[in-house]
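Here are my notes for your next look at the model.

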Amino acid sequence: MQIFETEFGQKKLVVKIGDLAWQANGEALVQYGDTTLLVTTVMNEKLREGTDFFPLTVEYVEKYYAAGKIRGSRFIRREARPSDEAILVSRMVDRAIRPRFPQKIKNDVQVILTCLSWDAENDPDIPAIFGASLALGISDVPWQGPIAGIRIGRVSGQLIANPDYQKRKESDFDLVLAACEDESGEVLINMIEAQGNEVSEKEIMEAVEFSKDSLKKLIDFQKELIKKLGKEKTKIETPELEDNVKKEIKEFLKNKLEKALFREEKFKRMEEVNKLKKELAFHIEQKYQDIGKTKLAMDFFEEGLSVILHKIVIEKEKRPDGRKLNEVRKIDCQAAILPRTHGSGLFSRGETQSLSILTLGAPGDVQLLDGMEIVGKKRFMHHYNFPPYSVGEISPLRGPGRREVGHGALVEKALLPLIPDRDEFPYTIRVVSEILSSNGSSSMASVCSSSLALFDAGVPLKEAVAGIAMGLIMENQKYKILTDIQGPEDHHGDMDLKVAGTERGITAIQMDVKILGLSSEILKDALKQAVEARMVILGKMKEVLKEPRPELSPYAPRIFTLQINPEKIREVIGPGGKVINEITEETGVTIDIEDTGLISITSEKEDAAKKAIAWIKNITREARVGEIFQGKVKKIFDFGAVVEIFPGQEGLVHISELAPYRVGRVEDIVKIGDIVPVKVLKIEENGKISLSLKQAK
């Protein structure tokens, strides 16, 4: 095994190569702190027939043993389906490495990133990006790396490279970048994943510039290892159309591509493009009687669409639907469109339409997280659904896929910085976005519809949040930034940059590219154009709801809280839960108790909640010296009587305190079951209470 190391973000990054996973095309054991991942890559030797996409799969695998835990259900103590966190890491690594594969490769490639050890300080996602790049770089898999990843935070105004979990909690933003370099050695950003507390575009660019020296160092480190250990890359022969056939196709199409592609309506555009594609397929098939040649002609057709789009946008600043480069499509916003939900918002932008529905729940309705990294409770959830009818298709309805998980998490990330603290708003909040129609950036439409739903429900959101997707068309160093991209601009364009935020700043960014990467100049221009579009959208949303509604929906539950002495919790719960079960069955409320003694009572009926509160107050009430109670005699001894002053609380009346004269027998004054006035004389440190009957009269 060969061992290499370098300084990265004030910590050592250690790489071990050559002693594990011998049958993989490439492997690397990467250690950052004590967080350790085994990264492997394998390529299928045979081309996958009949596919028009690159079959790359990236799998980030969490292992409970990495954190020294035994988890899973009571009956199955092993890892099951990937957690949402694992899916998000897989998607992030995929987005970073995918653009660097040859465009025409159709062989299956799999990258597996297995977390073998986790130190609870260093997130595995950054070494995962590095490991994927290195394993591919030293393998014989055709790949045009290397790339490097880094996390940037800012604490007390100071930018930090690769902050640990604690520093990330204190940071103004959490910015993950991946980058490569061009022939001149300039670092170009090719992937971004970020969350921020309303940070400015300027602050984001400062963090990007800050990251470049570290990224450059890590790229150079990989270059050295690849030069020393790298295998010769496999040459993959991909079938090509003959030049005369390409010329014939160009002649057949002439100006038809531009006419088909540049149409305002999506369905008319798709109809004309598909019609032209079928005509070309029929022509080639009839002339050459070769299915393979026909398939290559269809690929050449798609390339032609991309060429036409780039040419027209760069030269004429003309977009397929006729909009200006910085123009947002027509926007329509609505709220409260569903009668019985706690909140709803509908947002339409062009042919993209998102309906978000909000539900408020009790504090106990939180999602419990029990993974390798994240263990705890989650009180704000956003879920994203993309049904097949949203794109006019038919397909089976199954559980959420990676795309749904990724888009849902992005919207959640955009909204989370504005969600009120639990002390201010103790509800559990779930928002579900149903995509009703899709033609470009349904995730950013979901940010807008979810913000409207939160306002409609009366959630005291600090600011409205909106999102926009930006695109890029680049040709020979010339480029144009496109605002609010749709179908062909996303599919054939060079960048997908999603930016969400408020009037005050950015809350989330997600970016991936199809080109080498972005210079600081292009990224700066894109962010500047994005904020202009965001303000337009926020203005439209304000026309519907300027601020959260002052009252919750009448169908939403009400939550009441009270603080009790933590030592009284056992009395509220009772033996085997007897007392708390009796309260909930009698009143119909939901009761959540925290270790601090904070009790939350959730009920759709206020009277029921008040009844439960009074019940708990009686159970947990604490006596004070000088108070007078009407107590019930529970026991009699020779030396005095035990009196219950309220449920669960008793005190002793000494025989000397029964009357203003000498008492011979306790039974001469009180009997079991009597209701008598008693005064609290003293409360001992151990909680014992001394009472007086004679001083209460």
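1. Just past the end of helix 10, Gly-458 adopts a positive phi of about 85°. Helix 10 covers residues 442-457; helices here are DSSP runs of H or I with at least four residues, strands are E runs of at least two, and both are numbered from the N terminus. Buried means under 20% relative accessible area, exposed means over 50%, and partly exposed lies in between, using a 1.4 Å probe and protein chains only.

2. A word on the basis of all this: the model is predicted, local features need pLDDT of at least 70, side-chain atom pairs count only at pLDDT 80 or more, and totals for chains, interfaces and linings use all residues. Residues are numbered from 1 along each chain as its sequence is written, and side-chain values use heavy atoms, with hydrogens and water left out.

3. Among the buried ones are Ile-87, Arg-91, Asp-94 and Arg-95.

4. Two residues other than glycine have positive phi. Is each of them buried or exposed? Ser-156, with phi of about 55°, lies in the loop between strand 7 and strand 8 (158-161) and is exposed, at 78% relative accessible area. Asp-484 has phi near 60° and sits in the loop between strand 19 (478-483) and helix 11 (487-491); Asp-484 is buried, at 0%.

5. Asp-484 leads us to Arg-323, whose side chain reaches the backbone oxygen of Asp-484 at 2.9 Å. Arg-323 is in the loop between helix 8 and strand 11 (331-335) and is buried, with a relative accessible area of 7%. A polar contact of 2.7 Å also joins the side chains of Arg-323 and Asp-321. Such a contact is a pair of N or O atoms within 3.5 Å; within protein, one must be able to donate a hydrogen and the other to accept it, and residues adjacent in sequence count only if both atoms are side-chain atoms. Leaving aside neighbours within four places in sequence, Arg-323 is in contact (heavy atoms within 4.5 Å) with residues including Thr-483, Gln-486 and Glu-489.

6. Please look at helix 7 (residues 266-288) against helix 8 (residues 291-316) too. Residues of helix 7 including Leu-276, Leu-280 and Ile-284 take part in the contact with helix 8, where Ala-297, Phe-301 and Leu-305 are among the partners.

7. There is a cis peptide bond from Gly-145 to Pro-146, with omega near 5°. Pro-146 is in the loop between helix 2 (125-138) and strand 7 (148-155).

8. Lastly, Lys-202 belongs to helix 4 (residues 201-229) and counts as exposed at 62% relative accessibility. Although Lys-202 and Leu-527 are 325 residues apart along the chain, their C-alpha atoms are separated by 9.1 Å.

Technical notes
The expected span of a helix is 1.5 Å times one less than its number of residues.
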